[in-house]
Amino acid sequence: MSEGPITSGHDPRFTPTLFAHVGKPNSWTLDYYLSHGGYQVAEAVLKGKQPDEVVEEVKKSGLRGRGGAGFPTGVKWSFMPKDGQQHYLIANADESEPASFKDRYIMEDDPHQLIEGMIIGGYAIAATKGYIYIRGEYRKAYDRLVGAIKEAYERGYLGKNLFGSGFDFDLYVHRGAGAYICGEETALMNSLEGLRANPRMKPPFPAQSGLYGKPTTINNIESLASVVHIMQRGADWFAQMGTERSKGTKLFQVSGPARRPGVYELPMGTPFRELIYDWAGGPTEPIKAFIPGGSSTPLLPFTDEYLDLPMDYESLVAANSSLGTGGVVLIPESVCIVDAMWNLIRFYAHESCGKCTPCREGVSGWLPQLFEKFESGKATREDLKTMEDLLDQIEGRSFCPLADAAVWPIRGALRHFRDEFLHHIEHGTCAVKSGPRWR
Amino acid sequence: MGFFDDKQEWLAEVFAQYPEDRRRSALMPLLRRVQQEEGYVDFERMKEIAALVGTTATEVAGVMSFYSYYQGLPTGKYHIQVCRTLSCKLAGSDELWHTLSERLGILPGEVTADGRFSLQAVECLGSCHTGPVIQINDEHYVERVTKARLEALLEGLMQDKPLEEVRRSLPDEDKMGKATIELEGGEPS
C-alpha cells in the first residue's frame, strides 16, 4: 500500500469515525456511547491539556469548517480573546442548504458525539455555555439531543466541574422555525436573541462581540464532531487523510435519482465518481448535470472530466464551483435546467431576508420575474442579457452571502447549459420533455 | 385565562436556558408552544408573549412573520407541509402537491370543511435523499411519500388514528430506514 495520503474510501487504511455508529440500535443512548469509549477523549483533554494545546492540535490537523465556507476551525478558535468574560460556543445545526442532510444523522444517531465535541470546543475557547441552534423542522434530532443532554447532566458529563477538572459547561438547545438565513452565523445569533434573523454587520466579528455582545464561536455540527476524533487520534492521523489543503474525512451526501441516495463518510479528495457510483450505487436514469456541494454551488456537467474531480476545496474552486457542504444532486437528462434553476431561485427569493437592496430587489424581485418570462415562453435575448447584468450587479454586493448563493447556481447553468436558456427564448418551451416523476 | 397561566413551570425552564436579563430569547420557544397547541398564533397570544419576554406585540408579530413555521391564521388538525425544493421536486413533489391540493380541495391558507387538513408548501426540509418529504405539524417527517404511502397516510388521518401510529404503519415503512449504508466493514456493491 502506498504511503501517500488517503483519498479514497477503498483505501484499506481508511476507517469512518463520524458515522461509525449511525444506524446502530440504540446508538443515541449514553450507555451505548460509553460502551464505545464515549467521553474518554473529553476527560483526557480536560485533565491533561491546556486550552491552547487543543487549539493548536486542531489547527495542525487542518480541519476546515464543514458548514460550507471551509474556514480553518482551529484558526477560528484562536480569534477568541483571553479576557475572563462569559464566552459562548454555538453549534450551528440550521442545516438549511438544499441537498444537505448530514448533520441531522449525527444528532439523531450519535448526539453524544456532538456533546463531547462541544465540551472540548468549549474548553478550548473558555466558553462555559453552549447552545445548539437546530432548525425547527428537525424534530427527531431535537428529541434525541434533548434526551442525550438530560442523560449527560444526570451522569455528570455536563454541568459543574467536569471530570474534576474545574471546567463547567452548560448546554442548551434552541429551535429555529424555518428560515435559511439562520445558517449565517450573525443571523443565527439574532434569532437566538429572539429577533428577526437579519444578519449583522461584520466587524465586529462574533469572536469580539457575538451572542449577547459576548465573545462567541459558531461551528458546524460535523466540525465539532470531527474534533473528538482529532483529539483522540491526533492531528497527524486526521491530516494523513485527504489532499494537501483539504484534510480528514467528510460527510458527503447524494440525492436525486441514484440507487442508494444517502450520506457517506469518505476521505477528502475522493473522486465524485467513486461517491456516486461505488457508494451511492450510480444513477437510475441518464444524468446530464450534477450539483457538487449543495444548492448554492454552481452545477457541473455529468462528464468524465468532472466526475474524476477530487472532492476537495481547491479542485472545485479550480472548476469554477465549490465543495460547499458536500451535497451532490444528480440532475436527469429529462429535466430542464431552466426549470431546475427556477426551482432554486424561487427558494432563494423566498429565503431572502429583505435587509439589503441587491438581495431584496435582485434575488427576490428581478430574478424570479425574469425566470417567469423564461418559463412562460416570453423571454427574449435581451432578457438573457438583463439576467447576466443583474447577476453582476448582485454578486459580491450584498450584505451577506445569501445573494451570492443565489447567483452561483445560475452562473453554472449559464456556463454549461446556455443552450437550454436559448431554447426557451427561441421556441418558448423547454429543450427536453419532462415526464411524471412521482411514483 | 391566559395561555401560559397554567404553564409556569415550563416557562421557568425555558427562561432558565438564557441569561436572566435576556428574556427576549424565549420568544421563539413561546411562539412555538402556542403554534403547537392552538394551530396558529392570534394577536391576543402575541400580546401575552410580548408581556412575558418584555417587548411589544408588534415586535412579536415581526419575528413571527419572519419564519415559515408560525401561522397567523387557523390551520387544520393536520397541517401538511410539503417540501418543494429541488431534490424533492426531482422525486415528484410538484405532482404530490397538486394531488394533495385537489384531493383535499384546498389551497394554502385554507382549511378543509371538517377542520382536518391545511396545506403549506415549504422549502428544503433536509431530507433530500428520501424525497418527496412531508411534515405534519411539528412531528417526525413522513419520508418517500409515494402514491401508495400518501393514500395510506390520508386514510389513517381520516380515521383520526394517532399520527405516529399512521406514520409507522405506512406500506414499506420497514424499508425506509436510513438511506445511508454502514461503512464499517461494508463493501460497495
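**Close-up views of a predicted two-chain model**

**View 1. Helices H14(A) and H15(A) cross in a left-handed way.** Left-handed here means that the near helix is turned anticlockwise from the far one by less than a right angle. This is a predicted model, in which local features need pLDDT of at least 70 and side-chain atom pairs 80 or more, while totals for chains, interfaces and linings use all residues. Residues are numbered from 1 along each chain as its sequence is written, with chains lettered from A and ligands numbered from 1 in the order written. H14 (residues 337-351) and H15 (residues 357-375) of chain A pack at about 155°, with axes (lines fitted to C-alpha atoms; angles run from 0 to 180 degrees) 9 Å apart. That makes H14(A) roughly antiparallel (over 145 degrees) to H15(A). On the H14(A) side, look for Val338(A), Trp342(A), Ile345(A), Arg346(A), Tyr348(A) and Ala349(A). They meet residues of H15(A) that include Val363(A), Leu367(A), Phe371(A) and Phe374(A).

**View 2. Helices H3(A) and H9(A) cross at roughly 100°.** H3 covers residues 51-61 of chain A and H9 residues 221-233, and their axes come within 10 Å. That makes H3(A) roughly perpendicular (65 to 115 degrees) to H9(A). Here Val54(A), Glu57(A), Val58(A) and Ser61(A) of H3(A) meet Val227(A), Ile230(A) and Met231(A) of H9(A).

**View 3. The largest nonpolar core has 182 residues.** Such a core joins buried Ala, Val, Leu, Ile, Met, Phe, Trp, Tyr and Cys through C-beta atoms within 7 Å. Ile120(A), Tyr133(A), Leu275(A) and Phe290(A) have the most contacts inside it. The largest share of this core, 9 residues, comes from H14(A).

**View 4. Leu275(A) is one of the buried residues of helix H11(A).** Buried means 20 or more other C-beta atoms within 10 Å. H11 spans residues 272-279 of chain A, where Phe272(A), Glu274(A), Ile276(A) and Trp279(A) are buried too. Strands S5 (249-255), S6 (262-267) and S9 (327-332) and helix H12 (304-307) of chain A are among the elements covering these residues. Beyond four places in sequence, the contacts (C-beta atoms within 7 Å) of Leu275(A) include Phe252(A), Tyr264(A), Met311(A) and Val328(A). Just after H11(A) comes Gly281(A), with a positive phi of about 80°.

**View 5. Here 58 residues of chain A are in contact with 49 residues of chain B.** On the chain A side, helices H5 (103-109) and H7 (139-154) and strand S3 (170-175) are among the elements that each supply at least two residues, and so are S5, S6, H11 and H14.

Key:
Helices (H or I, at least four residues) and strands (E, at least two) are DSSP runs, numbered from the N terminus. Angles under 35 degrees count as roughly parallel, over 145 as roughly antiparallel, 65 to 115 as roughly perpendicular and the rest as oblique. Two residues are in contact if their C-beta atoms, placed from the backbone, lie within 7 Å. A residue is buried if 20 or more other C-beta atoms lie within 10 Å of its own, exposed if 12 or fewer, and partly exposed in between; C-beta atoms are placed from the backbone.
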